[in-house]
Amino acid sequence: MTQSELVSIISAFAGEGKMSVDKIVISIQGFWVFKEKPFFREQLRETDQKFPKEWFTGDCKSSRTNTDSITIMKKKIWITMLFALTSGFANEVEAGIAVSNAEPSKPNIILIMADDLGYGDLGCYGSKFNSTPHIDRMAEQGVRLMDFHAASWCAPSRCGLMTGFQANRRGLNLAKRITVAEMLRNDDYSTALIGKWHLGMTKGLHPLDQGFDYWFGTKGSNDWDGPNPIIYDAFKNAPESAWKTPLYKDRERLGICPQSQFTKRYTQETVRLIKRHKDKPFFIYLAHNMPHVPVFASDAFKGKSRNGVYGDVLMELDWSIGKIIDALKETGIDKKTLVIFMSDNGPWTMFQEFGGVANPLKGEKGTGWEGGGRVPCIFYWPDKISPSVNEDLIVNTDLYATLASFAGVKVQDGEAIDSHDISNLLLSGASSSRKKHIYFHHQPMAWRNGDYKIHFQTSDRIRNPETGAMEGKVVQDPPLLFDISRDIQESKNIASEYPDIVQRMTGEFNNAIEALNNGGIYD
Ligand SMILES: [Ca+2]
């Protein structure tokens, strides 16, 4: 059978299904040029993945939506048809697999993100309370970034990380941007998201529409489906069973996952993928739900730390890192794999024993102080990047250009415009080219240029943890100025001593906002 005969057969079938012929031709070609479109192969590989019933509570079958069922049915029909119709192309397909199994020259990439982990929560960042030996070892053997910034809030942080765009750019539409996952998948990486997405579930925004071949995780935060309002008492008093966060596999809702099982399940799934995909480049984005409130550890870690349940949860996250590094060593791909560990934003300190700390920084999640968005970030790649502690200003949008560089991909014009490539910083200690950063929490809060930071609005927390009432921001007029290089705690306002710097940075800040509104570059 020729390719054109195959196209005509499927076109006839598609006529009944009201699908466009163009789309189908592309689909066939995607399967035909097997190597260039790993999406199809990965979909086939992972659809057979089953999970034990005891992993979940609730009825898995009844939880599936009609739309999900239709999507899955369509997928099954297509897979069945493509297999049946392309059985005559076994030789070509086999050739494609043989090529794709060649020794990869580009690294595997595992991007591990903790949720709401504070700057001061890890041993290697100075914590005296939490035990994190595996992460500390990763930092000792890798590059530990001390001036690394994300947004101060979950969704914009993840949007910036995925796209290389500052998330507060006017009109930024994730569906129209190339994500890190799409960029790497186009470069023949297998891609998987294990864990929290938080960037939308509708068509075009779903993880499978944004470059991931496979997804196992939650739509968003682990406090979405539980007691309301989200206040301190809820985290102190509500039992684990009161939180009903569902887990998804691809477009299927599997069931409710007990909070204490998230870290363990994600780790098991990540290790399984490492072993299964060890022979060709893969990108795994492991986005943990922990230690975002509510915090729960599994039995093996419950009550084991010196820092209550939050310490237990960090101990389990640290165990997870150890299991992943072990899996890389066992499969012999540890030196071919870049592992990155970071947090998405600062700690939710207002929830006391259930939140982390940003020590020695001021502020917490949702604020423009350093504690809002300056977070831990560690790069680990044995024999490739030299151990160091780096003090340069770096932002999580810089991941896009950096990973593109490691994969040998040229960033397309107009994509990832807020991303600075730090691969040379990691490989040879070159300086970061970034000097500026804008701090947001819904509104522009502060501006950084080099050693100086200027605040135009401030807040100490987003709401009252006892009542849930939102708390407003304070307009700072005149603005506050700090020398971050000497005063990391933002304790000494030096605005009156340096009016020239205040004037210059105010102008820069206004220009940056204009750039964000008009598609321009601000650094
Ligand atoms: Ca977060």
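**A walk through the sheet and its helices**

Let's start with the open sheet, in which four strands line up in the order S11-S12-S13-S14 with antiparallel pairing (two strands pair if DSSP finds at least two bridges between them; strands are DSSP runs of E with at least two residues, helices are runs of H or I with at least four, and both are numbered from the N terminus). S11 and strand S14 (474-483) are the edge strands, each pairing on one side only. With direction ignored, neighbouring strands of this sheet are turned by 15 degrees against each other on average. In general, strands of a sheet pair through backbone hydrogen bonds, either parallel or antiparallel.

A word on what you are looking at: this is a predicted model, where local features need pLDDT of at least 70 and side-chain atom pairs count only at pLDDT 80 or more, while totals for chains, interfaces and linings use all residues. Residues are numbered from 1 along each chain as its sequence is written.

To find one of them, look at Ile438, whose bridge partner in S12 is Trp447.

S11 also leads us to helix H7 (residues 154-163), since the buried residues of H7 pack against S11 (436-441), helix H8 (180-186) and helix H13 (398-407) (contact here means C-beta atoms, placed from the backbone, within 7 Å). H7 is mostly covered, with nine of its 10 residues buried; a residue is buried if 20 or more other C-beta atoms lie within 10 Å of its own, exposed if 12 or fewer, and partly exposed in between. Among the buried ones are Cys154, Arg158 and Leu161.

Now turn to helix H11 (residues 308-330), whose axis comes within 7 Å of that of helix H6 (residues 133-140) and crosses it at roughly 55 degrees. Axes are lines fitted to C-alpha atoms, for helices over the stretch in contact, and angles run from 0 to 180 degrees between N-to-C directions. H6 and H11 are therefore oblique to each other, as angles under 35 degrees count as roughly parallel, over 145 as roughly antiparallel, 65 to 115 as roughly perpendicular and the rest as oblique. In this contact, Pro133, His134, Ile135 and Met138 of H6 meet Asp318, Ile321, Gly322 and Ile325 of H11.

H11 also packs with helix H10 (residues 262-276), at an angle of about 10 degrees and with the axes 10 Å apart. H10 and H11 are therefore roughly parallel to each other.

Conventions: Two residues are in contact if their C-beta atoms, placed from the backbone, lie within 7 Å.
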